[in-house]
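This briefing covers overall make-up first and then two individual residues. Please read it alongside the sequence and the coordinates.

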Amino acid sequence: MYVSPISNNKYNYSFQANRRIINNESGKLLYRTTTYFFRHDIDWRRLSKVLFYKYKDISKVNVFCHACSNGMEPYSFVIQMLEQNTKDARKFFPVIAKDLDAKNIEMAQKGFLNIDESDFYEIKCHTRGYCTPYFDLMKSQDGNYFMTLKPKKYLNEKVHFEQGDILEDIDKMPKSNTILFCRNFWPYLDIKKQELLAQKLGNHFDSSSLVIIGDFDEKYFTDHILRQHGFYELAAIPRVYCKKNS
């Protein structure tokens, strides 16, 4: 994940696939790119049920995933929606997945995903043990990982990857029937940018749209900032926020 424009040739990268650590010239941590399949701070099955119910009468739902890293999170979403209801899931695709970090997007577009055993376990749990419809499985060239996955066309075509700055992109998103994953990067923003982001979200979206954050964000009171700008947390599922009716 990446939250502010940084010139790649000015900074030192510790490259570990989805575990990069990005520091500035002084060695200060700017952010980590850590990501997983089916991260535990969202109940993915319940989320899919909530979304199918909320948008049952809507023909097209716009889904954006910012700070998408190398793509594991948007792929998790797509897989869960397909597993829940293959036919009705189509209206949620394609997912527009963005990250400001050029390396993250490059990895996502190449599509070779190094995973741990825990990732493989989560994928199997969410696909009833049949992950091969979604991925080709390969031996990892990196001894730090359990294996490498290559998303098949059936999965890959449902996510579009590109660079993007969330603060610039919000105004371009549809105001209605939009789901925005903006998870686990808020604490890397300074407080002014956090306030600006929440303000832009509150001013732009109507009550038919949802904003989804992560547990890392909650630890730094992102939920309070969203509430200050007109959002409330859904009772049905934690960390999913909706704009109050005006």
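**Fold and two residues**

Among contacts (heavy atoms within 4.5 Å) in the protein between residues at least 6 apart in sequence, 75% join residues at least 24 apart. This is a predicted model, in which local features need pLDDT of at least 70 and side-chain atom pairs count only at pLDDT 80 or more, while totals for chains, interfaces and linings use all residues. Residues are numbered from 1 along each chain as its sequence is written, and side-chain values use heavy atoms, with hydrogens and water left out.

Overall make-up
- The protein has ten helices and 13 strands, taken as DSSP runs (helices H or I, at least four residues; strands E, at least two) and numbered from the N terminus.
- Of the 246 residues, 55% are buried (under 20% relative accessible area; exposed is over 50%, partly exposed in between; 1.4 Å probe, protein chains only).

Pro-94
- Pro-94 lies in the loop between α3 (86–89) and β5 (95–99).
- Pro-94 counts as partly exposed because its relative accessibility is 30%.
- Leaving aside residues up to four places away in sequence, Pro-94 touches Val-63, Glu-157, Lys-158 and His-160.
- The C-alpha atoms of Pro-94 and Val-61 are 9.5 Å apart, with a sequence separation of 33 residues.

Asn-104
- Helix α4 (residues 102–110) contains Asn-104.
- Asn-104 counts as buried because its relative accessibility is 0%.
- The side chains of Asn-104 and Asp-99 are joined by a polar contact of 3.3 Å (a pair of N or O atoms within 3.5 Å; within protein, one must be able to donate a hydrogen and the other to accept it, and residues adjacent in sequence count only if both atoms are side-chain atoms).
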